[in-house]
Amino acid sequence: MKTLKILSVSSLFALCFVLTSQAVFAQADAGAKIRGDAWNGGRVQTYQRHAQDRSQMLYQYAQPQSPVSKEEAKELVGGIKKDLTEADKALAKLKTDHAKEPDIVKQIALIEKHHAKALEVCGMAEEHCLKAHGDHVAIADCCTDMWHEIDHAQVETQKLLKMLKIEKL
């Protein structure tokens, strides 16, 4: 009889522990949903992919066998800039929401650094595209540099999303 009481008390304790831990995890998850961490983290990744894809398209256009027109180059460079700017806006929102978490702020700064380098190279590509006879080799080199910077940013974004406990679909 005494063993039965001990088992029932321990079962009751275990049940309370499980319910309490579930409530704690639900609250942490609810805060992330309210702040929009998953949404903003996903936006960062989406815009990075768009910028990287556009830099690859510009690279392909800039190959000597199929030169890029000024209009197409301006459109692609503008799209890359827009995508990186939108990714930075989403990062800014995440930085604001997690301002008291130094590891997350540090990780966001790394991503922003890669975005800034990609935007700098994007400006150089734009200058080459606007020349009367655009330097296809220089444009291709810029595209390669942009692609690699955005690739590094994506790796750092994956780390950020893991820190935020945001899983990919």
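pLDDT is the predictor's confidence in each residue, on a scale from 0 to 100. Keep it in mind for the views below, since this is a predicted model.

View 1. For the protein as a whole, the mean pLDDT is 79, and 76% of the residues reach 70 or more.

**View 2. Residues 9–28 form a stretch where pLDDT stays under 50.**

**View 3. Helices α4 and α5 pack with their axes 9 Å apart.** Look for α4 at residues 102–130 and α5 at residues 136–163. How are the two helices oriented, roughly parallel or roughly antiparallel? They pack at an angle of about 165 degrees. Angles over 145 degrees count as roughly antiparallel, so α4 is roughly antiparallel to α5. Their crossing is left-handed. In this contact, the residues divide into 18 nonpolar, 6 polar and 6 charged.

**View 4. The protein has 5 helices and 0 strands.** Follow the chain from the N terminus, and the elements run α-α-α-α-α. Of the 169 residues in the protein, 36% are buried. Now consider contacts between residues at least 6 apart in sequence: 77% of these join residues at least 24 apart.

Note on methods: Residues numbered from 1 in each chain as written. Predicted model: local features only at pLDDT ≥ 70, side-chain atom pairs only at ≥ 80, totals over all residues. Heavy atoms only, no water. Axes fitted to C-alpha atoms, helices over the stretch in contact; angles between N-to-C directions. Helix = DSSP H or I, 4+ residues; strand = E, 2+ residues; numbered from the N terminus. Parallel < 35°, antiparallel > 145°, perpendicular 65-115°, else oblique. Left-handed = near helix turned anticlockwise from the far one by under 90°. Nonpolar A, V, L, I, M, F, W, Y, C, P; charged D, E, K, R; others polar. Contact = heavy atoms within 4.5 Å. Buried < 20%, exposed > 50% of the residue type's maximum accessible area, 1.4 Å probe, protein only.
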